[in-house]
Amino acid sequence: MTTASIAVVAGDGIGQEVMPAAIRCVDAVTAHYDLSLDWREYDWGSDFYRRTGAMMPVDGIEQLSKHDAIFLGAVGTPDIPDTETLWGLLIPIRREFQQYVNLRPARTLPGLTPILRADQPIDMVIVRENNEGEYSEIGGRYARGTEAEAAIQEAVFTRTGITRVARFAADLAVTRRGSLTSATKSNGIVHTMPFWDEVVAGVVDEVAADHPGLTLRNVLVDALAAALVLRPWDFDVIVASNLLGDILSDLASAITGSIGVAPSANLNPPRRYPSMFEPVHGSAPDIAGQGIANPIGQIWSGALMLDHLGQPRAAAHLVAAFEQALADGVRTRDLGGTAGTEEFVTAVLANIDRVGPTLDAQQEERQP
C-alpha cells in the first residue's frame, strides 16, 4: 500500500463545502486501489487573516513542503482585498514551489445541455504559464492621491519560463491529437509577445523533430477568444501566458457548461516540490453555506491529483463516477438541475462501486 501525504487548505466560502465533499469521493475511490491518502488540514485563509493579519503563517511554505501534494479549495472574501488573499496564499505557493504549469482541462461532460452544438464535443487542455508573465511584482504607484498619480506594472517573460511551459504543452499535445495552439498578441505588444512566439516556435520545432505529426498555430488572443466561442471543438492543447491563459481557461470552462466544473493542476513537472490542485471557481460568497455549490471542480481536481500521484486508473475511475452522475440527471443548479452538494456527492459515491467493473472490463479489452 502506497501512502501519500496531502495538505488540505479548504480556504473560504464554498471551499469549506466542496473540499470535504471531494475528499469523501477521493477516499472512496482510492479504497479500490493500492493507495492511502493521509490528509493534513490547515485552517488558512480569510478567517486566519482576520485573526493574525496574514493568510498563512510565516513558515507556511515550509509546512507545505513536507507533503506530496496540496489540495486547495477557494480563496477570497468581499471584505479583504484580493491583493491580500491571493498574494498572501495562492501565488506564493505557486512561485515558491515552482508550479510553473497551470493545467486546465475543458471538455463536454455527459448529460449537460450543450451551449453550442451537441454534435461537436469539446475536448481541450489549456496550459497556462503560472509563475511569470503579466503577473509580476515589479512596478509601483507614483504620486498617490494626486492628479498625477500613475501605476506601472512590468511583465516579465524569460526564455527559461517560456521554454519549459512550451515544452510541457508540446509534449502533452503529442500524447493527444497533435495540435498545439499558442495564444499571442504580438501585433500589439511589441517586445514580450514576439519573444514568446519565437521561443514557443523553437521548442515546437525541437519536439516535432521526433514527432513530425505535431503542428503549431499562433493565434492572436482576441481572435482566439472569438474562435473558442464559435468553434471550440477545433482546439486540442492551448499554451498561453499567465494572464491570457487565466482568461481563456475561464472562457473555455463556461462554454462547456459551467465554471463550476472546471479543475486545475498547478504542477512542478520535475517534482522537486509538491504540486497543488484546485478548482477554477472562486469562493462564491453569494451561495456559501447554502449547500448548493457544485463540487465537480474540486472532485475533478482530486482526480488530477490522483493521476499526478501515479494512479491514473484511480483518476479515471473518479472521473467516470461523476460523469455517470451527470448522465443520470443529477446536476446542481448552475448546470440546470436541482441537486445540492450532498445529493451530488451521494450519487458519485454510489457510482464509484457501479463503474468500477466497467473500467476493469475496458482495461482488459485494451490489453494486447
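In this predicted model, helix 1 (residues 15-30) packs against helix 9 (residues 296-308) with the axes 8 Å apart and an angle of about 45°. Axes here are lines fitted to C-alpha atoms, for helices over the stretch in contact, with angles running from 0 to 180 degrees between N-to-C directions; helices are DSSP runs (H or I, at least four residues) numbered from the N terminus. Helix 1 and helix 9 are therefore oblique to each other (under 35 degrees is roughly parallel, over 145 roughly antiparallel, 65 to 115 roughly perpendicular, the rest oblique). On the helix 1 side, the contact (heavy atoms within 4.5 Å) uses Val18, Met19, Ala22, Cys25, Val26, Val29 and Thr30, and helix 9 brings Gln298, Ile299, Gly302 and Leu306.

A second pair is helix 5 (residues 159-175) and helix 6 (residues 192-210), whose axes come within 9 Å and cross at roughly 45°. That makes helix 5 oblique to helix 6. Among the residues that meet here are Ile162, Val165 and Ala166 of helix 5 and Phe195, Trp196 and Val199 of helix 6.

As for confidence, pLDDT (the predictor's confidence in each residue, from 0 to 100) averages 93 for the protein, and 97% of the residues score at least 70. Over residues 364-368, pLDDT stays under 50, and the model has zero contacts beyond four places in sequence for that stretch.

Residues are numbered from 1 along each chain as its sequence is written, and side-chain values use heavy atoms, leaving out hydrogens and water. Local features need pLDDT of at least 70 and side-chain atom pairs count only at 80 or more, whereas totals for chains, interfaces and linings use all residues.

Conventions
Helices (H or I, at least four residues) and strands (E, at least two) are DSSP runs, numbered from the N terminus.
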